[in-house]
Amino acid sequence: LGEFWIEKFENRIDENRAMLESSFEPLILGLPADPADKSWTMGIVMPEISKMNPAAEMFNGFGINYFIDLDKTAIVTLQIEPVDDLIEIVRPRMYSNTLYNIILDRLRERLTTSARIIENMPRGELEMAKDEIALRIQEALDADPMAKQFDAYSSVQIVLLPDEPTARVDAIIESRRYDLGFETFVDIGNESRDSAEVQTRFGYLFSRGIEVFVNFNFFTNDNTLETDLALGMRPSRDVFFAVGYDFERKAAKYFFETDLSTGLRLRGEIFEEDSLNEFGLTYQFQQYFSAGFYTNANDEYWARAIFTL
């Protein structure tokens, strides 16, 4: 079962040792320490022990076998095996506002390795231990050399899906130093915006929650490159806003993003020319793909697919 579970179960047996001993003693005390026919002697007591199954409440979801070594001091060994309502699949989900997906892919390997202790364990056991396991995975992510290189920290949550044998492991990983992004926008539904845009952000956090960043926006319909320079603030992981300068239009520009729930985000860019504004509600379907509905608040609406690289 692995070191994590062995240690946990040994501690559980120690905590319940008095109860277990009192259950076995009436059946074992008084038996010969060195019987001529051990199998005959065990045949007397083992059916009663199996029927009583004193460790059943301690190990819900496990099959339990008992083995007794008779001597002046009898030794009872419990052999447990996960059998009921097992979680068979671990589904990792990675989120970050500040790191490239190629970095998250490297950290996903660390998460997947650490989360193997979830596989093939009873749901009830995992419900009791999921916060402890999440902390264990989080510590492994924070200790990864790649995370240290980008001064990243993580937050992990484990959700056991009710209708399938699956555990979803949500990992949020953010850098304390950099704000890096690479997105491709494909707009559909408005003739003036039916084109692809590639946006790259390079940012540096020089104080907690305060950063300076540059945006490069490449538009494929006319092969133009626009650049923004901005000062941003991230008072919490869920909220970001910035004031910048649009070099193409020589005017101020404003940015904001806020997470409404995991994967659901409200984001926007505000220009001095109202018709260029963009306000959108997006949902991240998986690590690389999200989509949403946008408007400029001036009778224009369109759908947007977002590929985050």
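Predicted model: local features only at pLDDT ≥ 70, side-chain atom pairs only at ≥ 80, totals over all residues.
The largest nonpolar core comprises 50 residues. Within this core, the residues with the most contacts are Trp5, Ile118, Ile133, Ile137 and Ile158. Helix H5, spanning residues 123-142, supplies the largest share of the core, namely 6 residues. The surroundings of isoleucine 133 were examined with neighbours within four places in sequence set aside; on that basis isoleucine 133 is in contact with Phe4, Trp5, Ile117, Ile118, Leu126 and Ile158. In soluble globular proteins, nonpolar side chains tend to be buried together.

The largest pocket holds about 730 Å³ of space. Its lining consists of 28 residues, of which Arg17, Phe24, Ala74, Val76 and Thr77 are the closest to the pocket centre. Two or more lining residues come from each of helix H1 (3-15), helix H2 (17-28) and strand S2 (75-82). The most is given by H2, with 6 residues. Sorted by class, the lining of the largest pocket contains 17 nonpolar, 4 polar and 7 charged residues.

For the second largest pocket, the volume is about 590 Å³. This pocket is lined by 37 residues, and those closest to its centre are Ser96, Asn97, Glu183, Arg265 and Gln284. Strand S8, covering residues 178-188, gives the most to this lining, with 5 residues. The class composition of the lining is 12 nonpolar, 15 polar and 10 charged residues. The corresponding figures for the largest pocket are 17 nonpolar, 4 polar and 7 charged.

A search of the whole structure for cavities of 30 Å³ or more returned 1. The largest cavity has a volume of about 120 Å³. Its lining is made up of Phe185, Gln199, Arg201, Phe255, Phe256, Glu257, Arg267, Gly268, Glu269, Glu278, Tyr294 and Arg304. The elements contributing two or more residues to this lining are strand S9 (196-207), strand S13 (251-261) and strand S14 (264-271). By class, 4 of the lining residues are nonpolar, 2 are polar and 6 are charged.

Asparagine 120 is not a glycine, yet its phi is positive, at about 60 degrees. Asparagine 120 is located in the loop that connects helix H4 (101-114) with strand S5 (121-122). The relative accessibility of asparagine 120 is 42%, so this residue counts as partly exposed. Alanine 297 likewise has a positive phi, near 60 degrees, in a residue other than glycine. The loop between strand S16 (289-295) and strand S17 (301-308) contains alanine 297. Alanine 297 counts as exposed because its relative accessibility is 62%, the cut-off for exposed being over 50%.

Note on methods
Residues numbered from 1 in each chain as written. Heavy atoms only, no water. Core = buried A, V, L, I, M, F, W, Y, C linked by side-chain atoms within 4.5 Å. Buried < 20%, exposed > 50% of the residue type's maximum accessible area, 1.4 Å probe, protein only. Helix = DSSP H or I, 4+ residues; strand = E, 2+ residues; numbered from the N terminus. Contact = heavy atoms within 4.5 Å. 1 Å grid on protein atoms, 1.4 Å probe; cavity = no way out; pocket = protein on both sides within 12 Å on 5 of 7 lines; lining within 4 Å. Points joined across faces, edges and corners; volume = space filled by probe spheres on them. Nonpolar A, V, L, I, M, F, W, Y, C, P; charged D, E, K, R; others polar.
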